Amino acid sequence: MYLPPHDPHVDDPMRFKPLFRIHLMERKCATVECMYGHKGPHNGHIQIVKKDEFSTKCNQTDHHRMSGGRQEEFRTWLREEWGRTLEDIFHEHMQELILMKFIYTSQYDNCLTYRRIYLPPSSPQDLIQPGLFKGTYGSHGLEIVMLSFHGRKAKGTKITGDPNIPAGQQTVEIDLAHPLQLPDIENLRDFSELSRIVLEVQEQVRREEQEQGQEEQEEHSQQPASQPASPPGGEGAEGEETAAGAEGRTQDKAPASQPFVLPMGVISRNEDYPRTCRVCFYGTGLIAGHGFTSPERTPGVFVLFDDDRFGFIWLELKSFSLYSRIKVSFQNAQAPSREAFDEMLKNIQSLAT
């Protein structure tokens, strides 16, 4: 298991926890041992489901139990996963969320399904190198997000999830065609001023999408029946726009840094965020109730700090997430093609829904 550092220290290294091991024997035989729990290795099972997918099953789940019962298991999990004790957490809402996460994860008893994840392909036009990032998610703690670029859009896809937004969902979407000009540092402290700027861009984006939809509808109605219509907003259209706007975006990649501070009233788990940024863009963030109920995309601000850190201000939640790059080299993790990567993103999102 590949675990993020303890909340809210996004710049700390990732942590590893063994879940199973395989002993290769003579005559092509092998034994599988489950490593979950605190009583040492015990009997397990692995099944190859299909290409790029396998499942593990523990055959002795009693090895996962503790003498002090579920309460001891919860306290041990809390100490290992969060680096805290229950007495450290005063906020009742946070206690509730952490307990929900424990119940959800512990019910599987290391009977898990694994699917291959490709790292996102990169191109010279990308704002920064795509990849995996650790991000703060309020009372949910740290989660892993994959940043990838898709023409005029950048997407942050959850690799790990929580009781509100499951893994596989697109947590943030950045509109690279709509950079934001932040006010000076004094006015930036005023949340209403930032909110006004963002909502004006949101309305502009809404009008542009409406106009584009009308134009595509007119083009479709005017085309001869023998000519297929261009896919609206498809990858091809985005690709053309990317090529056309590559020079402009490359110039935006390294502008002079500007002072940055969070507006008053915006909550941040990590107060140690950078005080300068390179560029900001309009974006949307996905929020939902427990169990992924009533999901909706809400406006926000994507803040690029440097090559390895970015942030997102959730306007409606008055909350700030700080993301830091995972600097581990993964072997054989590159997608064989852009199409294979896009297909993988669709698959993990369909699993989440």
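Is Arg 207 buried, partly exposed or exposed? Arg 207 is partly exposed, with a relative accessible area of 40%. The points below place this residue and several others in their surroundings.

1. Basis of the note. The model is predicted, and local features need pLDDT of at least 70, side-chain atom pairs count only at pLDDT 80 or more, and totals for chains, interfaces and linings use all residues. Residues are numbered from 1 along each chain as its sequence is written, and side-chain values use heavy atoms, with hydrogens and water left out.

2. Terms for exposure and secondary structure. A residue is called buried under 20% relative accessible area, exposed over 50%, and partly exposed in between (1.4 Å probe, protein chains only). The areas come from the Shrake-Rupley method with a 1.4 Å probe, and for residues only the protein chains shown count as cover. Helices (H or I, at least four residues) and strands (E, at least two) are DSSP runs, numbered from the N terminus.

3. Glu 203 takes part in one with Arg 206, where the closest N and O atoms are 2.5 Å apart. Both of these residues lie in helix H4, three residues apart, about one turn of the helix. Glu 203 also forms a salt bridge with Arg 207, at 3.9 Å between the closest N and O atoms. Here the two residues are four apart in helix H4, again about one turn of the helix. Glu 203 has a relative accessible area of 32% and is partly exposed; Arg 206, at 40%, is likewise partly exposed.

4. Negative patch. Glu 208, Glu 209, Glu 211, Glu 215, Glu 218 and Glu 219 gather in a patch of negative charge on the surface. Of these, Glu 209 lies in helix H4 (residues 191-222). Patches are made of residues with over 30% relative accessible area and no salt bridge; like charges are joined within 9 Å, and nonpolar side chains (Val, Leu, Ile, Met, Phe, Trp, Tyr) within 5 Å. Lys and Arg count as positive and Asp and Glu as negative, while His and the chain ends are not counted. The place of a charge is taken as NZ of Lys, CZ of Arg, CG of Asp or CD of Glu.

5. The side chains of Asp 307 and Arg 278 meet in a salt bridge of 2.8 Å, N to O. This pair links distant parts of the chain, 29 residues apart: Asp 307 is in the loop between strand E16 (293-304) and E17, and Arg 278 is in the loop between strand E14 (276-277) and strand E15 (279-289). Asp 307 is partly exposed, at 42% relative accessibility. Elsewhere, salt bridges that share partners join Arg 65, Arg 70, Glu 73 and Asp 109 into one network.

6. Aromatic pairs. Rings of Phe, Tyr and Trp (its six-membered ring) pair if their centres lie within 6.5 Å; planes under 30 degrees apart count as stacked, over 60 as edge-to-face and the rest as tilted. The count by this rule comes to 19 aromatic pairs. Among them, Phe 133 and Phe 310 are edge-to-face, at 5.0 Å centre to centre and 65° between the planes. They connect distant parts of the chain, 177 residues apart, with Phe 133 in strand E8 (residues 131-136) and Phe 310 in strand E17 (residues 309-314). Phe 133 is buried, at 0% relative accessible area, and Phe 310 is buried at 1%. The ring centres of Phe 312 and Trp 314 are 5.1 Å apart and their planes stand at 75°, so this pair is edge-to-face. Phe 312 and Trp 314 are both buried. Ring pairs link Phe 133, Tyr 137, Phe 281, Phe 302, Phe 310, Phe 312, Trp 314 and Tyr 323 into a cluster.

7. Backbone features. Most residues other than glycine have a negative phi, and most peptide bonds are trans. A cis peptide bond joins Asp 7 and Pro 8, with omega about 0°. Ser 294, in strand E16, has a positive phi of about 50° although it is not a glycine. Ser 294 is exposed, with a relative accessible area of 61%.

Conventions:
Salt bridge = Lys/Arg side-chain N within 4 Å of Asp/Glu carboxyl O.
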